[in-house]
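I am opening this page to record what I looked up in the model, entry by entry. The sequence and structure come first, and my notes follow.

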Amino acid sequence: MHSRDKLASARRDLRERDVRVVILALVVAVATVATIGLFAALLQKTLVTSASAFLAADRQLEAEHGRPIPQAWWQEASERDIRTAHMVRFSTMVFGDAGFQLVSVKAVDDHYPLRGEIEMQPDASADREFVGQGPRRGEVWLNPRLMRLLALAVGDSLEVGNLSLTVSGLLLREPDGGFSMASLAPRIMMHADDVAATGVIQEGSRVEYVALFAGDESALEGYHQWLRPQLEPGHEWESVRDGETLSRSLQRAERFLLLGGSLAVVLAAVAVAVASREYALGQRDTVALLKTLGMTGPGIGRLYLRRLLLWGSAGCLGGLLVALPVYWAMAEVLEQVLARPIDSTLELRGLVPALVTALVSLFAFAYPPVRRLQKVPAMWVLRSEPGEASRRAWSDMLLAGGAIAVLVWLYAQEVSLVMALLAGLTMLLAVLALVAWGLILVLRRVAGGATAWRLALVALYRHRRSTLSQISVFAMTIMLASTLLLVRTSLLSDWQNQLPEQAPNHFLINIAPSDVAGVAAFWSERGYPLEALYPMVRGRLTELNDQSVRQAVSKDREVRELNRELNLTWMARLPEDNQIVAGRWFDDGARVGVSVEAQLAERLGLRVGDRLGFTVGSEVITEPVTSIRTVQWDSMKPNFYMAFPPDSELRRLPATWMTSFHLPSERKSALNEFAVRYPTVSVLEVDHIIERIQAIVRQVTQAVEAILALILAAALVVMAAVVSATLRDRQREGALLRTLGGRQQLLVRSTMLEFALLGFIAGVLGVLAAEAAVWALQQRMFEGDVQWHWGVILPIPLVSSMLLAVFGRWQLAPVLNVSPMLLLRRLE
Amino acid sequence: MSESLSQSGACNQPSACNQPSACKQPSASRDTLLKVSELTHQVNLGSDTLTILQGVNFEIKRGESVAIVGRSGSGKTTLLGLMAGLDSPSQGRIELDGEAISELDEDQRARLRAHRVGFVFQSFQLLPALSALENVMLPLELAGHQAPAEQARDLLHRVGLGERLLHTPRQLSGGEQQRVAIARAFASNPSVLFADEPTGNLDTHTGRTISELLMALNQEQGTTLILVTHDDQLASRCQRRFAIEAGRVQEFEGAL
Ligand SMILES: Nc1ncnc2c1ncn2[C@@H]1O[C@H](COP(=O)(O)OP(=O)(O)OP(=O)(O)O)[C@@H](O)[C@H]1O
Ligand SMILES: [Mg+2]
């Protein structure tokens with residue numbers, strides 16, 4: 001064929017409705033999968049950036065031994081295209097008008113922060129500002145509480161060691177404000193280049209040098225590989241994913257996106273399958289005609305293959321044309337939600353699943369029925385054979401099921417997801433077969449009658465074949481969409497539970513035993529009672545089964561907890577959100593044993609019965625591991641790696657107490673009073689961390705809703721495509737019924753009823769199958785409680801029946817208001 | 001197709017005529033069934049209007065058989081459609097069975113069609129997805145018949161298709177399809193049957209069988225028969241003949 005002929009034939013194809021539906025299905029497929037893919041990539045990037053902000057970088061290297069990071073390491077990083085910044089942390093006394101105060105100093109260079117922003121106020125009365133750089137040389141920013149404690153104002157000077165710095169702002173929030181017990185003193189921030197002049201840092205001072213890195217994930221990984229062998233015990237490499245607070249929420253969000261994307265893939269496949277099957281059926285006459293005109297089977301095969309490829313390209317192109325603007329719009333919305341610019345450059349990687357889906361749907365779903373067209377006998381022109389269409393249904397279904405499984409697996413790489421989906425779909429099909437059989441039995445008995453109800457039932461029976469295939473597709477679509485709806489609901493409520501409004505946002509640490517009662521009274525008088533109080537003894541884990549831990553734990557495991565003092569506590573009862581995974585909790589009056597946090601136990605390779613030796617000051621306490629328990633790190637409550645029974649050896653050692661409580665931001669002034677009354681107690685303010693986590697959860701929630709909306713839209717399009725597959729027959733029937741004296745009202749009512757019934761049955765089946773799938777998913781992926789979701793089960797069949805009734809009405813519209821005469825002319 | 005003739009002949013036996021109205025004798029009701037006066041019909045073709053019929057007047061009595069002939073494009077189908085109430089005329093008045101259908105709205109005309117009018121089309125107009133039986137059941141269901149399947153089966157037996165009830169139109173020959181269409185047309189026991197070139201798509205022999213069937217049903221059930229045809233033989237078997245030319249209708253005696 002010449003290219004002009006090809007174009008003409010393509011244009012002729014487009015005039016056929018079935019072709020348009022196949023292409024539309026492909027467009028929807030590519031558009032949804034691509035949008036979700038792109039958006040998921042964007043979201044991941046943004047989330048990682050949000051989480052990275054906790055480090056003010058993608059990675060941090062801390063040197064806790066007081067020696068600067070070697071020059072060669074900086075150089076290597078910049079050669080690998082990794083951006084760097086450095087900072088120095090130390091504690092010192094500062095002097096202001098109202099006296100002196102121990103502060104923790106953070107000195108940063110011009111590149112800090114690499115991720116996130118610093119929140120500050122240039123003046124106590126000015127608006128909050130988000131800035132991408134710390135104080136300039138010669139300047140210093142103070143935490144507002146320190147400002148009050150020292151009675152300083154912006155413009156005053158502050159002596160840090162030998163250097164006098166000008167106070168130029170209030171430091172409200174650092175991106176890497178952190179949650180570590182080390183930074184307990186009030187904070188000041190200054191420029192790194194001023195540090196030397198203060199003269200504070202001398203041989204043997206306690207100082208931490210920190211290198212910040214940001215860049216490409218693979219570059220960072222490569223750098224870490226390079227760096228690892230050279231790290232010394234005092235070095236600590238930190239990455240976002242090790243951060244405890246957010247990881248669980250992030251993981252779940254990612255899984256939700258995966259699930260959404262997979263469902264989009266399945267929906268797309270279903271749409272393409274339905275549309276192309278319909279097309280193939282409609283093409284039999286044409287093929288038979290071509291054969292009578294002398295075309296051979298293989299020739300016809302090639303002809304249709306070429307068409308499929310053409311539509312495939314058209315579908316992909318169209319899909320991308322839809323996906324890109326939608327993606328940009330969503331990125332725009334995300335940017336507004338976050339109130340900060342995000343990097344929305346296109347991740348081409350995000351498009352791959354969409355294109356693969358289009359290709360596979362085309363070849364696994366569209367090609368088989370079209371290929372079988374070769375076998376249509378020329379005699380078909382004159383007379384059709386019954387049953388030709390249904391013979392290959394089984395092999396088609398196997399191929400389809402296999403293709404769906406492979407697609408979802410390729411997309412999600414998650415066997416349990418594939419299994420849950422396939423199990424749900426299989427169950428659905430089995431139930432469908434049963435229901436169909438029953439339906440036919442019942443409907444067969446309905447005799448005629450001129451009421452809309454009877455006509456609707458008769459029509460369902462009369463169109464039993466399309467009734468069944470439509471119910472199957474609707475039920476599948478509804479199942480997929482409601483699966484997502486259900487998962488979203490439990491996901492969101494889970495997040496809400498995780499960080500309730502009243503989550504503790506302040507920690508009190510270092511409470512002397514004699515102050516415990518007074519501190520508790522101080523806060524409960526003000527209406528902010530403390531949560532549980534825990535004793536705390538600082539100690540190091542030094543022995544494992546009577547060997548030094550350094551020897552006992554193999555070298556390649558990096559266990560930073562070994563380098564650090566751990567908080568040891570004792571408690572009688574297991575905290576509510578902890579869970580024993582091995583061994584058992586202390587009996588009443590127990591004296592021996594220690595309960596170890598599960599992740600640490602895993603990293604150290606600990607088992608119940610291992611003997612752990614802790615060094616506290618000059619004493620060593622040795623206890624056997626009696627239980628291993630999980631801890632909710634993101635609960636914002638005091639959590640401990642090591643817990644002892646109340647009557648253990650630990651009790652003899654000097655302990656301080658810690659606790660947490662909720663203090664609303666407008667009452668923070670109470671902290672000043674508290675600081676004056678209990679100067680030795682350290683207050684750790686984590687309200688801003690909690691706020692940030694809540695903000696991230698809100699943003700993820702928005703994304704989840706957007707994806708849900710996208711899937712629902714795709715589901716609607718699939719349903720519309722399926723309904724419109726029978727459009728021609730329906731309109732012909734409507735026209736004929738009108739000629740035969742059917743009143744418009746009657747036709748409208750019976751058609752709407754027919755579709756409403758169809759939608760209802762499909763809705764019930766689909767939503768029940770979704771419950772089954774969610775049950776399976778929740779067991780494996782989202783670890784939530786299993787329950788019936790009546791709030792979804794009840795409305796969905798109603799909504800789907802109303803929706804389909806509207807579809808039916810819309811389908812009939814063209815034959816309603818035209819004279820039957822015109823209809824007949826059109827039909828001929 | 002002697003088989004079908006003998007089948008249709010069976011209708012002469014009283015048992016087949018289970019409803020009294022179906023056995024009206026032509027002589028018993030020679031009143032006017034259809035009255036067309038000053039009928040003009042125009043269609044808009046973009047800017048121009050095309051006048052298809054102009055100032056048409058005639059009357060048809062109950063039980064008569066009427067043939068309408070004319071060149072292709074002369075407006076036969078249009079006239080048939082107007083008389084059957086499928087469309088409303090631009091001007092003029094049409095009374096069918098005592099009702100002025102030109103003044104009814106679409107729903108009222110539909111009700112009239114459901115009970116008193118039957119159609120046979122040149123291109124059969126069977127629904128391809130339905131079996132012969134289901135096709136014949138359609139008007140019965142619409143009319144709220146209590147046992148549509150039995151009635152339809154009976155009708156198909158009478159047109160000689162008792163063995164082909166469950167076959168779809170694609171599996172039937174053209175003549176067989178037209179017989180299904182005739183069974184469907186008679187299902188609602190119409191007082192008038194409109195047929196647009198009922199034999200137009202059929203060979204002479206089959207065409208003859210169909211004509212026989214129509215004539216027989218016209219005789220037995222007293223149904224008024226109004227048909228458009230190019231078939232002289234069929235036209236000559238009708239009691240009256242009209243010719244359309246240049247938008248005008250004229251009755252004529254004998255062959256064209
Ligand atoms: N709705 C319409 N729009 C445009 N033209 C129309 C319409 N209805 C009828 N016509 C025109 O009116 C003329 C008469 O049409 P009609 O179908 O009645 O002819 P006919 O006598 O039945 O012809 P045939 O013997 O070929 O069936 C034709 O030229 C036709 O094209
Ligand atoms: Mg005509």
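This is a predicted model: local features need pLDDT of at least 70, side-chain atom pairs count only at pLDDT 80 or more; totals for chains, interfaces and linings use all residues.

Entry 1, a sheet in chain B. I began with strand β1 (residues 32–45) of chain B, which 10 bridges join to β2(B) in an antiparallel run; strands here are DSSP runs of E of at least two residues, helices are runs of H or I of at least four residues, and both are numbered from the N terminus. I count two strands as paired if DSSP finds at least two bridges between them. Within this pair I found Thr32(B) opposite Lys61(B) in β2(B). The sheet is open and has 4 strands in the order β2-β1-β4-β5 (chain B), with antiparallel pairing. Because β2 (48–61) and β5 (99–100) of chain B each have a single partner strand, they stand at the edges, and one side of each is left without a neighbour in the sheet.

Residues are numbered from 1 along each chain as its sequence is written, chains are lettered from A and ligands numbered from 1 in the order in which they are written, and side-chain values use heavy atoms, with hydrogens and water left out.

I then followed strand β2 (residues 83–96) of chain A, which runs antiparallel to strand β3 (residues 99–108) of chain A and is joined to it by 10 bridges. A hairpin links β2(A) to β3(A) through 2 residues, and Phe95(A) stands opposite Phe100(A) in β3(A).

How many residues of chain A are in contact with chain B? I found 36 residues of chain A in contact with 33 residues of chain B, where contact means heavy atoms within 4.5 Å. The area buried between chain A and chain B is about 3,100 Å², and carbon and sulfur atoms give 58% of it; buried area is the accessible area (1.4 Å probe) that two parts lose on being put together, summed over both. In chain A, the residues that lose the most area to chain B are Arg462(A), Leu740(A) and Met821(A), together 20% of what that side buries.

I found 1 salt bridge between the two chains, counted when a side-chain nitrogen of Lys or Arg lies within 4 Å of a carboxyl oxygen of Asp or Glu. The salt bridge I looked up is between the side chains of Arg738(A) and Glu106(B), at 2.7 Å, N to O. Among the helices of chain A, α19(A) gives the most to the side that touches chain B, with 6 residues.

I placed ligand 1 between chains A and B. Of the 16 residues around ligand 1 (a heavy atom within 4 Å), those that come nearest include Ser72(B), Gly73(B) and Lys76(B). A polar side-chain atom of Thr77(B) lies 2.5 Å from an oxygen atom of ligand 1.

I ended at Ala756(A), which is in helix α20 of chain A. The C-alpha atoms of Ala756(A) and Ser801(A) are separated by 4.1 Å, although these residues are 45 apart along the chain.

Key. A polar contact is a pair of N or O atoms within 3.5 Å; within protein, one must be able to donate a hydrogen and the other to accept it, and residues adjacent in sequence count only if both atoms are side-chain atoms.
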